[in-house]
Amino acid sequence: MGGAGGADPHTGAGPAGAVAAVGGATAALTALLIVRTSDDARLTEFYQPRQVYGALTIGAMSGTGEEMPLLREAAAKAVPGVSLVEVYTGVDGGSAEVMPLSCGDEEDCGDGYWDTRIGGQDVLRYLTGREDPAAAALAAGKAVVFRPGAVREGMVTLGVWKGEDEPRFQRTSVPAIEVKPLQPGVGDALLPVRLVEDLGLRPLLTQLVIDPARHRVTVAEEERIRQGVAAVTSLAEVRVERGPERPVDIVFLLVFAGAIILVLGGTFAATGLAAADSRPDIATLAAIGAAPGIRRLVTMGQAWFIAATGVTLGAAVGFVPGLAKVWESTPDLVRVTGGTSDDVVASGSAIIVIPWLALAALVVLLPLLAGLVAGAFARAPVMVTRRAR
């Protein structure tokens, strides 16, 4: 019998070449999946939310705050009856700022600058997610600090810059209370408006927030707010905090689809070559009375074997360029542990995620799909005819 593993010695075509082609495409696909899932893990691990998850914010960017009444009116019209949290994130004058400092001197602050917000009871409720006892301290003019260990003996240090042309820096200690936040990292400190005014500064309202604990904004409401804000000014940002979001990557989708097509195309082409090479075997099966289903199973088995061999080898080989690319592109990452269905591995300075589920589906399902398609399009067998003497 002429086996399915035969090849044309002159052209080099046959299952062996097809296995190599399928393996190459699968290796590229495997590397792409490892890089993509590792990038997603890095994005999730190091993403720092600016607001509480689910919160909608309307931020003014003009620096004057003159548009805030109109923005408040537009938001109230878009979502009637929903209260808006007023956050003073800047100080009138442009160059004047108030920031708690964890450093001793202005020159040695490093990362000592904090996310300081200015506001009242509604801001405290938003950042803590509850009616906190610290509300009384805030009303009394005390600063509320959310970073542990920053308040010492009931006081916290503030750095204050005054003046527009030549800002002057000064340090001062003010009464403070430490509170556990709803979401660590969102807001490091909250200063009451009265305290900022006592420092000789005038707070500037620059942000309106819809607290998700009081109202979850729907997609339709978000769109109405965006339209209302756009009608007022182009110098305002509407944003809903949904966590890390990766935009649709058209290039990735095209490359992914291309790799799948190459894997399947190579498999079907090799199946066709193997089928032509094994026609004597199929004819012999027909001559001895084998049912058409048996002959179809032979064709399906050829396609499955070629695809399974190529995909398995390619998936194994694809680990090398995938891991190398992740290691190269993430030189400064720190260790991360945990994971769900994937394994999240810390390798020195890189986060490497192995998408086992996707790779298993690739190795198992693609050969099955190749076999089914090959069987569905299998042609009728070559009939054996008696030779003329």
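A residue counts as buried with under 20% relative accessible area, as exposed with over 50%, and as partly exposed in between, using a 1.4 Å probe and protein chains only. Accessible areas come from the Shrake-Rupley method with a 1.4 Å probe, and for residues only the protein chains shown count as cover. Because its relative accessibility is 51%, Leu 365 counts as exposed.

Before we go on, a word on what you are looking at. This is a predicted model, in which local features need pLDDT of at least 70 and side-chain atom pairs count only at pLDDT 80 or more, while totals for chains, interfaces and linings use all residues. Residues are numbered from 1 along each chain as its sequence is written, and side-chain values use heavy atoms, with hydrogens and water left out.

Let us stay with Leu 365, which lies in helix 10. Helices (H or I, at least four residues) and strands (E, at least two) are DSSP runs, numbered from the N terminus. Together with Trp 304, Phe 305, Val 364 and Leu 368, Leu 365 forms a nonpolar patch on the surface, with about 520 Å² of accessible area in total. Helix 9 (292-329) and helix 10 (356-376) are the elements that give two or more residues to this patch, and helix 10 has the largest share, three residues. Patch members have over 30% relative accessible area and no salt bridge, and nonpolar side chains (Val, Leu, Ile, Met, Phe, Trp, Tyr) are joined within 5 Å; a salt bridge is a side-chain nitrogen of Lys or Arg within 4 Å of a carboxyl oxygen of Asp or Glu.

Helix 9 also holds Gly 301, which counts as partly exposed because its relative accessibility is 33%.

Now turn to the second largest pocket, with a volume of about 320 Å³. A pocket is an open set of points on a 1 Å grid over the protein atoms alone, where a 1.4 Å probe fits, with protein on both sides within 12 Å along at least five of seven lines; lining residues have an atom within 4 Å of a point. The volume is the space filled by probe spheres set on the points, which are joined across faces, edges and corners. Of the 19 lining residues, Arg 50, Gln 51, Thr 89, Arg 117 and Gln 207 lie nearest the centre. Strand 1 (56-60) gives the most to the lining, with four residues.

Methods
Patch = residues over 30% accessible without salt bridge, like charges linked within 9 Å, V, L, I, M, F, W, Y side chains within 5 Å.
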